Amino acid sequence: MQKLFLIMIVAVCFGLAGCAGAAKHAPIAMDDYRKQFARPAEDKAAVYIYRSGIIGKLADTQILINGKFLGKNSGSTYLYVEVPPWECVITSTQVREYTTLPLNVEGGKIYFIRDSISPGLFLANLLLTQVDEETGKKEIQSCKLIESAM
């Protein structure tokens, strides 16, 4: 029984170590700037994709916009991207699980997308939800900006 417990502890430690280098935080000055929520130019829409709180902190999700990799998201982090006005598809994926959110964005506007993760029977349950501006701004305050690949 003690051997089994020791093996489980070692496995958890290795699992946590594997998650440690998942996403690189942006400089604090850039995080502070993005939290001013400045309106983008009329030919761009600003999209914040975030996961607030510590639920799923050790389980990164990969975020894609129209199939292009934006970055990895984990608990208490957010990604920021400006896109041209269009209908875009945001995808959150992890291992063999994914979810998508079609979003019709307009220039000069800001959009907030909550990336949620919860435990499932065999795989995590992923959910992308568009939230109103007041909720998004409030929940992002406790998050840190992740460097984007776009």
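Close-up 1. D132 counts as partly exposed because its relative accessibility is 45%, a value in between the limits of 20% for buried and 50% for exposed. In this predicted model, D132 lies in the loop that connects strand β8, residues 125-131, with helix α3, residues 133-140. The side chain of D132 places a polar atom 3.1 Å from the backbone nitrogen of E134, and the side chain of D132 also reaches the backbone nitrogen of T135, at 2.9 Å. Between the C-alpha atoms of D132 and I110 the separation is 9.7 Å, with the two residues 22 positions apart along the chain.

**Close-up 2. R34, a buried arginine without a salt bridge.** R34 belongs to helix α2, which spans residues 28-34. Although R34 is buried, it forms no salt bridge, and the nearest side chain of opposite charge, that of E82, is 4.6 Å away; this pair is therefore not counted, since a salt bridge requires a side-chain nitrogen and a carboxyl oxygen within 4 Å. When residues up to four places away in sequence are left aside, R34 touches Y48, Y78, Y80 and L145.

**Close-up 3. The cysteines C88 and C143.** C88 has a relative accessibility of 1% and so counts as buried. C143 likewise counts as buried, because its relative accessibility is 1%. A search for disulfides across the whole structure finds zero.

Notes. Residues are numbered from 1 along each chain as its sequence is written. This is a predicted model: local features need pLDDT of at least 70, side-chain atom pairs count only at pLDDT 80 or more; totals for chains, interfaces and linings use all residues. Side-chain values use heavy atoms; hydrogens and water are left out. Helices (H or I, at least four residues) and strands (E, at least two) are DSSP runs, numbered from the N terminus. Buried means under 20% relative accessible area, exposed over 50%, partly exposed in between (1.4 Å probe, protein chains only). A polar contact is a pair of N or O atoms within 3.5 Å; within protein, one must be able to donate a hydrogen and the other to accept it, and residues adjacent in sequence count only if both atoms are side-chain atoms. Lys and Arg count as positive and Asp and Glu as negative; His and the chain ends are not counted. Contact means heavy atoms within 4.5 Å. A disulfide is a pair of cysteine sulfur atoms within 2.5 Å.
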